[in-house]
Amino acid sequence: MDKTKDERAWFLVLPVLVLVAFSAILPLMTVVNYAFNDTFGNNDFFWVGFEWFEEVLTSERMHEALWRQLLFSGLILAIEIPLGIAVALTLPKRGLKASLCLVLLALPLLIPWNVVGTIWQVFSRIDIGLLGSGLRALGIDFNIGQNPLDAWIVLIVMDVWHWTSLVTLLAYAGLQSIPEAYYQAGRIDQASRWAVFRHIELPKMKGVLLIAVLLRFMDSFMIYTEPFVVTGGGPGSATSFLSIDLVKMAVGQFDLGPAAAFSLMYFLVILLVSWVFYTVMTSLDKAGKEPSE
């Protein structure tokens, strides 16, 4: 017997659709309009085709910002994913200590991005900052306003401090889902600690690690607030990532056409790379689950 579908349930989704339309779709359509048109004001637009896209794609400034962004995201993933797994493996599995550790780990995640940037900007100042003045007192020439390497080190350490907890919590959740019988089988086989991690824990964490990689890549690739507050994109343009250059182009220079084209390409790059990450890692996961012949 066929059940009659109640289409009235779609009315419950209508408020969400309206909200998304005003907060995402309509602004996106405005950006698309500016990306393919130019204006002299008074809402008088004229078609320019792909001129703004060509200007952005051939801009050496955008190429340099893209390489800086890729380098930053690559370093963040290379540090935070292994570090988060290592910390998760050392946490107690249950009891009061486990709860206390999880609460402490979650604290950095509760701090707003602009506050994180302000904390580390003050922390690294050479006049009043504990890190900056301390390194200067030890005779180390440290200055994030003049030395690009110092600025990069501070930004990377800041991001690791802020977001490694997310990877740790996700990895810990994956470890908690492993039945105790797997560990008992490992002890019976006298498996080493590395063998237990390689053949039991790591395969069971693949799903949550996929989520961790996707989240950390997207967030690090779109990072803006923290480096803007800490270094302002300097010294020079050493820490001017894609988001900072985009804001400078749109707000500082008021080049709305190139900025709109750049933002669309920025969005598509994030979408494409995230899709590649997801496709490759899910394919590896499926391959690992297939029974060997």
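This is a predicted model: local features need pLDDT of at least 70, side-chain atom pairs count only at pLDDT 80 or more; totals for chains, interfaces and linings use all residues.
Local features need pLDDT of at least 70 and side-chain atom pairs count only at pLDDT 80 or more, while totals for chains, interfaces and linings use all residues. Residues are numbered from 1 along each chain as its sequence is written, and side-chain values use heavy atoms, leaving out hydrogens and water.

**View 1. Helix 3 packs with helix 11.** Helix 3 (residues 60–90) and helix 11 (residues 242–252) sit with their axes 8 Å apart, at an angle of about 145°. Helices here are DSSP runs (H or I, at least four residues), numbered from the N terminus. Axes are lines fitted to C-alpha atoms over the stretch in contact, and angles run from 0 to 180 degrees between N-to-C directions.

**View 2. Asparagine 143 lies in a loop.** Look between helix 6 (130–137) and helix 7 (148–176) to find asparagine 143. Asparagine 143 is buried, at 13% relative accessible area (buried is under 20%, exposed over 50%, partly exposed in between, with a 1.4 Å probe and protein chains only). Leaving aside neighbours within four places in sequence, asparagine 143 is in contact (heavy atoms within 4.5 Å) with Ile126, Arg136 and Asp150.

**View 3. Aspartate 141 pairs with arginine 136.** Their side chains form a salt bridge of 3.5 Å, N to O (a side-chain nitrogen of Lys or Arg within 4 Å of a carboxyl oxygen of Asp or Glu). Aspartate 141 is exposed, at 61%, while arginine 136 is partly exposed, at 35%.

**View 4. Aspartate 219 meets arginine 216 in a salt bridge.** Here the N to O distance is 3.0 Å. Because they are three residues apart in helix 9 (residues 193–221), about one helical turn separates the two. Arginine 216 is buried, at 1%.
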